[in-house]
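Please look at the sequence and the structure before reading the points below.

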Amino acid sequence: MALENELNDLLDKFRRDLENFKNTKIKCGIIGRSGTGKSSLINAIVGEEIAEVGEVETTMEVGKPIEHKGLLFYDLPGCSTKNFPKETYFKKFNINEFDCVILATSERFYEDDLFLIEELSKINKPTYAVRTKIDYAIDRGTKRGKTEYDTLREIHSNLSENLTGYKVEGVYLTSADYPKEYDLGKLIDDIINSLVGLKKERFIADVSINSKKILEGKKAVAKKIVSRYSALAAANGFNPVPGLDISVDIGLLLKMGNEIRDIFGLTEKQQDFVKEYIDERTAKIISGKALQFTAKYIGKEAIILLLKKAASSQVTKNITKWIPFVGQIIAAGIGFLLTSSIGEGMIKDAEEIAKETFNAFKNAKVTV
């Protein structure tokens, strides 16, 4: 009985972790003048077009977040203007509630930017200085006979000098046209390192794959999610599967499949974003594989077929060795193992498609 109680406590913990993960939000402020490419930067971070790109700043929605799953991006104007005086800026936009702040510029940081950095350091808010549109600077430098290396080194040096005496987590050179090049991956990695617990997991799950390190992080988060869904499958009430002498909650498996698909960037919107950056033939191949993933793992009939296949395999044959109980506890154990087995297959297939996408996406340039 004591062992059974311990098992129930463990399953309850996994269930709470799953619910907390789904409810976790990360608030990220992106501050900068109009035309600095903040919307493009947000889209590049998440790997999906969630922010409207344009040179004209709309102030009607200022302060309202752009939401992407667990990520809340606040696209904010610079301060020290008539509409947004620096004296009330922090209070107006609830800056204290942000998990991190990105200060974006397409040139240099000005007096109002430096004021914000100084104020953010007073409340120990992680602040990242980002120079956008770096590819344009490289093109201009090339016309003047400079190498790409020299241009990048010069701009980074000038910005570092510009920020002397001000506390920032780092200086990052980025380009929306080359999201897999320059410092965007490093920026995402550094934000990840500033977060802890479920916020860190949530951020990793919801950002784009800009490096192999991020891909590895997504795999680790996906494994935790599969463990939580498996525990929930064991703890939930049992629903009979047609043609099987077992019970599993098919709805949970469908939710798990959707989450794994989202984490590895296989949704239709995420694939549409990728199409803008890679050649048409490769895009079609990758999109086709993403559709195959959906057909295999997301759909009631597809899940039933997977369950029948898993139930007839070795996964359930030694269940009594896995847990020393009978009756419903055995059934719960089978549900746990079946869900784990299917989840592992989801991760393996999704990771392979994500790797292929990353390799095709890397170094590609969007046509504008």
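Cys100 is buried, with a relative accessible area of 1%; buried means under 20% relative accessible area, exposed over 50% and partly exposed in between, using a 1.4 Å probe and protein chains only. The model is a predicted one, in which local features need pLDDT of at least 70 and side-chain atom pairs count only at pLDDT 80 or more, while totals for chains, interfaces and linings use all residues. Residues are numbered from 1 along each chain as its sequence is written, and side-chain values use heavy atoms, with hydrogens and water left out.

**Cysteines**
- A disulfide is a covalent bond between the sulfur atoms of two cysteines.
- Here a disulfide is counted as a pair of cysteine sulfur atoms within 2.5 Å, and the count comes to zero.
- Cys100 is in no disulfide, and the nearest cysteine sulfur, that of Cys28, is 3.3 Å away.
- Cys79 also counts as buried, at 2% relative accessibility.

**Overall build**
- The protein chain has 15 helices and six strands; helices (H or I, at least four residues) and strands (E, at least two) are DSSP runs, numbered from the N terminus.
- Of the chain's 368 residues, 51% count as buried.

**Nonpolar cores**
- In soluble globular proteins, nonpolar side chains tend to be buried together.
- A nonpolar core is a set of buried Ala, Val, Leu, Ile, Met, Phe, Trp, Tyr and Cys residues joined through side-chain atoms within 4.5 Å.
- The largest nonpolar core has 72 residues, and Ile45, Phe73, Ile102, Phe203, Ile260, Phe264 and Phe293 touch the most other members.
- Helix α15 (residues 328-361) gives the most to this core, with ten residues.
- A second, separate core of 27 residues includes Tyr74, Leu103, Leu114 and Leu173.
- Leaving aside neighbours within four places in sequence, Phe73 is in contact (heavy atoms within 4.5 Å) with residues including Cys28, Ile45 and Pro65.

**Largest cavity**
- A cavity is a set of points on a 1 Å grid over the protein atoms alone where a 1.4 Å probe fits but cannot get out, and its lining residues have an atom within 4 Å of a point.
- The largest cavity has a volume of about 180 Å³, where volume is the space filled by probe spheres set on the points, with grid points joined across faces, edges and corners.
- Its lining has 19 residues, of which Ser208, Ile209, Phe264, Gly265 and Val274 lie nearest the centre.
- Helix α15 gives the most to this lining, with four residues.

Key
On a 1 Å grid over the protein atoms alone, a cavity is a set of points where a 1.4 Å probe fits but cannot get out, and a pocket is an open set with protein on both sides within 12 Å along at least five of seven lines; lining residues have an atom within 4 Å of a point.
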